[in-house]
Amino acid sequence: MKNKINLLLIAVFTVAIVSSCNKKEEEEEAILDSQTSQFNDDSNRYKSESDQTDGDINDQLKGIPGFGNETASSPLCGTSIDTSQLAQKIVIFNFDGITPCFSPSRTRSGQIKVQLTSGNLWADVNAELTLTYINFKVKRLSDNKSITFNGVKTLKNINGNNWLGFLAGTSTLKYRERAYNIQVVFDNNLNAIWNSARITEWSYTPSISRLNFTSNGDTTINGVAHVDSWGTNRYGKSFTTYYNSPILSNSYCGLWRFNAGDLVHYVNGRNFILKLGVDEQGNATSLACAYGYKVTWTPANGNTKSVVISY
């Protein structure tokens with residue numbers, strides 16, 4: 001009888017341990033899932049706001065003496081440009097923090113200092129800009145979430161800016177970006193550090209008045225090619241992001257709503273695979289604009305998981 005009781009106690013104790021371990025694993029996975037989802041959003045916002053700003057600045061510089069020799073298409077939303085240091089080939093973009101701009105609607109505040117550090121004009125082949133973010137803050141008005149940049153990055157003009165050819169659809173604008181130790185602060189005061197190395201390319205389809213965007217990683221880290229970015233996320237976890245295929249978007253759907261591309265976030269020792277440009281079921285869409293992207297990963301228990309997230 002005593003042996004039966006002992007066996008029963010051992011069984012109950014074992015079940016309790018297993019149950020406790022399973023519960024702990026589930027809790028850890030829930031935290032991981034939440035953090036991964038947040039990092040995916042952070043990564044998308046960092047990249048889209050950085051690329052949007054590059055495009056805006058590039059468009060404005062073509063109408064500023066010492067940088068370009070054409071006329072800017074229109075004034076930049078919610079922005080004034082300080083040209084008092086043109087003799088040093090420096091202009092400063094001041095963002096008012098009040099005017100709602102773009103879609104989704106957002107405000108931008110702070111400054112971006114832009115200096116032509118190589119080349120006679122920014123339109124020249126291999127000319128280089130140095131951009132300094134000074135408390136540059138973007139706030140999304142739908143939920144008041146914000147992201148703030150401080151730091152320096154460079155843009156190299158690979159093709160040169162042939163605006164007439166660009167508008168005719170016969171040439172593209174192509175840039176190489178390098179950024180190291182960009183300090184990023186989110187609305188809850190959590191911090192991240194971002195580094196990036198990418199090639200971006202812009203083209204125009206005049207028949208339908210559509211701007212097209214392509215991006216690919218441009219460095220190799222630890223034997224992994226096409227690395228786009230790396231650093232430390234808001235949770236203090238190291239990350240590396242690389243592309244298996246370039247990402248694509250356009251002005252019809254929104255430059256921040258990617259229609260195609262495959263990338264991998266390697267976060268805290270685990271791969272999270274993102275398929276961009278999918279429908280609500282996670283399949284590549286045949287529609288003009290995609291619903292969102294699909295994230296696939298393998299938790300510690302070995303059972304592959306996936307989730308489809310809307311843009």
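Predicted model: local features only at pLDDT ≥ 70, side-chain atom pairs only at ≥ 80, totals over all residues.
Let me begin with Cys253, which at 9% relative accessibility counts as buried, where buried means under 20% relative accessible area, exposed over 50%, and partly exposed in between, with a 1.4 Å probe and protein chains only. Residues are numbered from 1 along each chain as its sequence is written, and side-chain values use heavy atoms, with hydrogens and water left out.

Cys253 is joined by a disulfide to Cys289, with 2.0 Å from S to S, a disulfide being a pair of cysteine sulfur atoms within 2.5 Å. That pair links distant parts of the chain, 36 residues apart, since Cys253 sits in the loop between strand 11 (238–250) and strand 12 (260–267), and Cys289 in the loop between strand 13 (270–278) and strand 14 (292–297). Helices here are DSSP runs of H or I with at least four residues, strands are runs of E with at least two, and both are numbered from the N terminus. The link of Cys253 and Cys289 is left-handed, with -90° about the S-S bond, and Cys289, at 24% relative accessibility, is partly exposed.

The structure holds two disulfides, and the other pair is Cys77 and Cys101, whose sulfur atoms are 2.0 Å apart. Cys77 is partly exposed at 27% relative accessibility, whereas Cys101 is buried, with a relative accessible area of 4%. Counting bonded cysteines along the chain, the pattern is 1-2, 3-4.

Turning to the chain as a whole, there are two helices and 15 strands, and 40% of the 311 residues count as buried. Among contacts (heavy atoms within 4.5 Å) between residues at least 6 apart in sequence, 47% join residues at least 24 apart.

Finally, which strand holds Asn212? Asn212 belongs to strand 8, residues 210–217, and, leaving aside neighbours within four places in sequence, its contacts include Trp202, Tyr204, Thr205 and Asn250.
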